[in-house]
Amino acid sequence: MFENNRKKLIGFLACLLLFMISFVASIVFGATKISFSEAYHTFVHYDEENLQHVIVLTTRLPRAIIATVIGCCLAIAGVLMQAITRNPLASPSILGINTGAVFFVVLASTFLSLTSMVQYMWVAFFGAALSTFFVYFLGSIGRDGITPIKLILAGSAISALFLSSTQGLLVLNQKGLQEVLFWLTGSVSGRTLEMLFPVLPYMIVAVAVALFISKDINLMLSGDDVAKSLGVKTGVIKLVIGILVIFLAGGSVAVAGTVGFIGLIIPHIGRYFVGSDHRWLIPYSAILGAILVLLADVLARFIIMPSEVPIGVMTAIIGVPFFIYIARKGVLSL
Amino acid sequence: MSKFITVRKGNFSFLIEKKNLRVMSVLFVSLLITLILSIGIGSTLVPLSEIIQTLFGQGSKQYDFIILSLRLPRVLVAILIGAALGVSGAILQGVIRNPLASPDIIGITNGAAFAATAFIVYLGGSVSIKLLPLAAIIGAITVSVLIYLLAWKKGVSPFRLVLIGIGMATAMGSLTTFMIVVTNAYTAAEAYVWLTGSIYAASMQKFYVLLPFVLVFVILALVLSRNVSVQELGDDVATSLGSRVQLQRFLLVFISVILAGAAVAIGGAIGFVGLIAPHISRKMVGASFGSLIPTAALVGALLVALADLIGRTAFQPYDVPAGIFTAAIGAPFFIYLIYRNRNK
């Protein structure tokens, strides 16, 4: 859609503006409506007696920041996964990374006496990494390497295995069923920034590395032989991408549970705008992902007020029709 | 002597290989042994002589309650659920011509589970729980129709059907979790145990609800079974042989959906039985549907009855839902299937 770099840059700035609007919306809208001026005053002269200021600082702001971070990370993870597998349906949730993380969290909560949320987070991270590895390995066995259908089936098998194991553990150990369930479904509410900080450095490094290797990804997509003849070490790039996906998707699941479909939808929207040049696609997807999660989160607060729809359900409701659309269009390789 | 036994009654006829009849007999005997074991084993052990006497109505009062009210209904319901899922999977795999198809992979089970959860959460208490199976079946049918329509694009390709099914399964799964999250803790736990696939608290009443469904539709499946064999030759060949492909496919899928829906309605989402029972059966009796359908019913019944027996007895005092064992066997098997088809 945007043919030249100038238009791409202007488009990017427009996205940035939309992102800021979504961010502000996420702070001011909710069960307690907060005026723009109060929100503004929270940051210039904070008054701890003022309930609205307290809500902004302790609830809304952390929530908006976490939504932004996981939106960026999941979207980039999706871009990378679709590039490495050349599969337009590849994304963290479809390939079972979420359910892996969830299983290990429930396992740990049943058998280990973990106390802090940070410990749970590392467990989730480990689970995500393990299931990524598992699905990837399973999807790549055979003569023709990774094919779209094999990868999806492998993902859904691993998902089903982890899901029923999780259900089994939950049936045996019903204490805290609902809290775990809410976490599983994906939510950015009630998360504090302390939960984000341990994984944030890894996420930032991963985003930076993704941008750094974006040119190599472009070359890799033009075919392994071409890339190799141009001096790109495709094996190394694929390994690096695998590690980045684990940090980005695993970190997001660790912080917010299973917020699905962001990694599936956003890369497609990004490609619609800027094509498959990853030097543009990665930053575009990052900002679009943040916008989508922020808006989905705002919407989630209003549907069954005063209660909230878990954001994972919101993104699934948006994501499934999209998934079906792509499935109907035909799974062509990228 | 002929290798086959011919069954003929008016317009209806089919052949059964004698070898296959032997296989079925062995399965049937295994099922009987499982039934006896299920009645005998548990926190109270019942001696074999008592079991046999009780089953023939001659039992002493001592074990009547345990056998007739607790253990017998449970194993009978497990057998029916397994049979329904096995036949449902066998039909789907034949009609979709895909070894990976099964009611739970392509989303039928999730549709039933969604409707049943909605029933428990929103109508629980106000409407008789006896209507729960009906809700589940309506859910299964609605989702199947939706999947079929969405996968339709100048015909239904098996690959698209599986993909769309996976998408719909995810959607239904999310919405189900959502309902559980927003409801109160008690209802949530009730729905959750049910979802995992447990035959806990089965009663003769549930058995009698399920029995007519399974009998009628398994027999219908048998009657229509030769059409599946014709369909497996491909649409063009089948049409030229005088088969009304679309109508028969619709009827077969309909039977499959009803069977899966009824099984889910009573037993919850017991996974992977519809996937693996037909595969095991094909290994035993080959791909001809006249033998495959009864064998798949027996294998499915055996799987669920064994899973329930293990879940009930191996981890006492916990009663581990049967669905967990079927998934523990089924998911690795599914992975193996992907591995075996890796070069296709």
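Phe272(B) is buried, at a relative accessible area of 5%; buried here stands for under 20% relative accessible area with a 1.4 Å probe, protein chains only. This is a predicted model, where local features need pLDDT of at least 70, side-chain atom pairs count only at pLDDT 80 or more, and totals for chains, interfaces and linings use all residues. Residues are numbered from 1 along each chain as its sequence is written, chains are lettered from A and ligands numbered from 1 in the order in which they are written, and side-chain values use heavy atoms, leaving out hydrogens and water.

Most residues other than glycine have a negative phi.

| Residue | Phi | Loop between |
|---|---|---|
| Phe272(B) | about 75° | helix 10 (245-267) and helix 11 (273-285) of chain B |

Helices are DSSP runs (H or I, at least four residues), numbered from the N terminus. Phe261(A) also counts as buried, at 3% relative accessibility.

Now to the interface. Contact (heavy atoms within 4.5 Å) links 43 residues of chain A with 45 residues of chain B. The two chains bury about 3,800 Å² between them, 78% of it on carbon and sulfur atoms; this is accessible area (1.4 Å probe) lost on being put together, summed over both. On the side of chain A that touches chain B, helix 6 of chain A gives the largest share, 16 residues.

Conventions: Helices (H or I, at least four residues) and strands (E, at least two) are DSSP runs, numbered from the N terminus. Buried means under 20% relative accessible area, exposed over 50%, partly exposed in between (1.4 Å probe, protein chains only).
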